[in-house]
Amino acid sequence: MIPFLSENWGTILVLAIVLAAVAMVARRMYKDRKAGRSGCGCGCSGCPSKGTCRLKK
């Protein structure tokens with residue numbers, strides 16, 4: 001197991017960084033959704049998909 005880790009530490013490090021970034025983005029999206037903010041950053045008044053939006057009203 002140690003030889004595998006020592007040979008692939010760079011790949012494992014990059015994978016850990018990418019997974020951490022994905023987890024942070026997912027957490028932020030979850031918190032924004034729970035707070036009632038949209039994901040696109042603009043208001044819903046001009047959005048063509050505003051009828052399908054699940055934001056709290």
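A salt bridge is counted here where a side-chain nitrogen of Lys or Arg lies within 4 Å of a carboxyl oxygen of Asp or Glu. The model is predicted, so that local features need pLDDT of at least 70 and side-chain atom pairs count only at pLDDT 80 or more, whereas totals for chains, interfaces and linings use all residues. Residues are numbered from 1 along each chain as its sequence is written, and side-chain values use heavy atoms, with hydrogens and water left out.

The chain contains 2 helices and 0 strands, where helices (H or I, at least four residues) and strands (E, at least two) are DSSP runs numbered from the N terminus. Helix α2 has 27 residues and reaches 39 Å from its first C-alpha to its last, close to the expected 39 Å, a span calculated as 1.5 Å times one less than the number of residues. Just after α2, G36 adopts a positive phi of about 90°.

The structure holds 1 salt bridge, in which R28 is paired with D32 and the closest N and O atoms are 3.7 Å apart. These two residues are 4 apart in helix α2 (residues 9-35), and are therefore separated by about one helical turn. With a relative accessible area of 53%, R28 is exposed, whereas D32, at 18%, counts as buried; the cut-offs are under 20% for buried and over 50% for exposed, with partly exposed in between (1.4 Å probe, protein chains only).

Of the 57 residues in the chain, 4% are buried. The accessible surface of the chain, from the Shrake-Rupley method with a 1.4 Å probe and, for residues, only the protein chains shown as cover, comes to about 5300 Å², of which 67% belongs to carbon and sulfur atoms. On this surface, M1, I2, F4, L5 and I12 form a nonpolar patch with about 550 Å² of accessible area together. Patches are made of residues with over 30% relative accessible area and no salt bridge, nonpolar side chains (Val, Leu, Ile, Met, Phe, Trp, Tyr) being joined within 5 Å and like charges within 9 Å. Helix α1 (residues 2-7) gives the most to the nonpolar patch, with 3 residues; F4, found in helix α1, is partly exposed at 48% relative accessibility.
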